[in-house]
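Hi there,

Here is the structure I promised to send over. My notes follow below it, so please have a look at both when you get a moment.

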Amino acid sequence: HLGLESGFVYVAMNLADPDLGPSEDPARDARNRALRCALRSAFDWVLRNESFYSGIGEPFPGIIPPILPEFDPTLPRDSIAAEPDRARALLAEAGWNEHNLPELEYGFVNGVVQQQSYEQLRSEFAAIGYPARKVRRQVHPTFGELNRAYRNRQMHLVLLGWTLDYPDAENVLQLFYGPNASPGSNTSNYSNPEYDRLYEAAAVMHPSPERTALYRRMNRMLVDDCATISGLSRGRLYLIHKNVLAVPDRDTLGGFFLRFVDLRQR
């Protein structure tokens with residue numbers, strides 16, 4: 001059985017860093033947003049899917065994954081398209097060049113696959129004119145050390161995965177809710193008063209078309225702000241014996257559906 005995970009992977013950008021995040025100076029704010037959008041346009045989700053997820057994942061725009069009813073199939077997919085020409089144009093128009101582009105640190109746990117992931121990202125950034133020497137690796141011996149580092153805002157970029165705790169878009173939208181900033185779950189340190197206002201309004205609503213509209217509006221805000229490089233839901237392969245009677249769930253809360261199945265008698 002092949003199904004999508006109840007979650008997604010994405011590249012979090014530390015928006016608390018003055019080189020990446022919002023600024024009270026309108027000119028600097030526009031320059032930083034152009035940089036974030038350029039990095040997003042450099043990232044190739046199709047190649048990432050083929051290289052690391054056996055080609056069975058599903059890239060999607062924003063952060064509300066396809067398994068959720070609040071997923072918006074009409075959301076434009078340009079935010080997950082690799083467009084190096086567009087990225088180079090964004091950098092040039094904003095006045096970025098190889099001399100003034102900031103140094104970026106990409107954190108990961110020591111390992112062959114993780115190193116390959118870093119090299120792929122660095123090569124994609126290099127293709128848009130980002131000097132390779134300015135995309136540095138920050139290697140950690142364990143996930144615990146990596147987790148501590150990015151929750152303490154010690155890196156610019158990190159590839160993260162999120163599995164839903166409950167099947168509602170609120171569980172992913174809270175990843176960008178301002179009061180949840182590091183060391184909380186908002187490891188991107190996204191801060192947008194309008195986003196927070198909508199989140200708080202939706203949090204007390206029952207499931208409804210009105211709440212879904214708010215969720216989708218918030219999701220679109222993240223896309224428009226280039227607040228993250230997202231995303232992809234990984235494909236999950238389940239091997240199930242032909243005598244097992246079950247409908248596999250999508251692993252919310254860890255799954256464990258096999259405790260509740262029966263066997264077909266021979």
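The axes of H7 (residues 193–203) and H8 (residues 209–224) come within 10 Å and cross at roughly 155°. Axes here are lines fitted to C-alpha atoms, for helices over the stretch in contact, with angles running from 0 to 180 degrees between N-to-C directions. Helices (H or I, at least four residues) and strands (E, at least two) are DSSP runs, numbered from the N terminus.

Before going on: this is a predicted model, in which local features need pLDDT of at least 70 and side-chain atom pairs count only at pLDDT 80 or more, while totals for chains, interfaces and linings use all residues. Residues are numbered from 1 along each chain as its sequence is written, and side-chain values use heavy atoms, with hydrogens and water left out.

Back to the helix pair. The crossing of H7 and H8 is left-handed (the near helix is turned anticlockwise from the far one by less than a right angle; clockwise would be right-handed). On the H7 side, the contact (heavy atoms within 4.5 Å) is made by Glu194, Tyr195, Arg197, Leu198, Tyr199, Ala201 and Ala202. H8 brings Arg211, Leu214, Tyr215, Arg217, Met218, Met221 and Leu222. By class, this contact has 10 nonpolar, no polar and four charged residues. For the classes, Ala, Val, Leu, Ile, Met, Phe, Trp, Tyr, Cys and Pro count as nonpolar, Asp, Glu, Lys and Arg as charged, and the others, Gly among them, as polar.

Two further helix pairs are worth a look. H1 (residues 26–42) and H3 (residues 84–93) pack at an angle of about 165°, their axes 8 Å apart, and are therefore roughly antiparallel. Their crossing is left-handed. Ala34, Leu35, Cys37, Ala38, Ser41 and Ala42 of H1 touch Pro84, Arg86, Ala87, Leu90 and Leu91 of H3, a set of nine nonpolar, one polar and one charged residue.

H2 and H4 have axes 12 Å apart and an angle of about 160°, and they too are therefore roughly antiparallel. The crossing of H2 and H4 is right-handed. Here Leu47, Arg48, Ser51 and Phe52 in H2 meet Val113, Gln116, Ser117, Gln120, Leu121 and Glu124 in H4. That contact divides into four nonpolar, four polar and two charged residues.

On a 1 Å grid over the protein atoms alone, a cavity is a set of points where a 1.4 Å probe fits but cannot get out, and a pocket is an open set with protein on both sides within 12 Å along at least five of seven lines; lining residues have an atom within 4 Å of a point. Points are joined across faces, edges and corners, and a volume is the space filled by probe spheres set on them.

The largest pocket has a volume of about 470 Å³. Its lining counts 26 residues, with Phe143, Leu146, Leu159, Leu160 and Gly161 nearest the centre. Two or more lining residues come from each of E2 (7–13), H2 (45–52), E4 (104–109), H4 (112–126), H5 (143–151) and E6 (157–163). The pocket lining holds 16 nonpolar, seven polar and three charged residues.

There are also three cavities of 30 Å³ or more. The largest cavity, at about 60 Å³, is lined by Ala12, Met13, Asn14, Tyr150, Met155, His156, Leu157, Val158, Leu160 and Thr187. E6 gives the most to this lining, with three residues. The second largest cavity holds about 40 Å³ of space and is lined by Arg40, Gly62, Ser79, Leu222, Val223, Thr228 and Ser230. Two of these residues are nonpolar, four polar and one charged.

Finally, some backbone details. A cis peptide bond joins serine 182 and proline 183, with omega about 10°; proline 183 lies in the loop between H6 (170–173) and H7. Another cis bond joins serine 230 and glycine 231, with omega about 0°, and glycine 231 sits in strand E7. Arginine 153, in the loop between H5 and E6, has a positive phi near 60° without being a glycine.

Best wishes

Key
Parallel < 35°, antiparallel > 145°, perpendicular 65-115°, else oblique.
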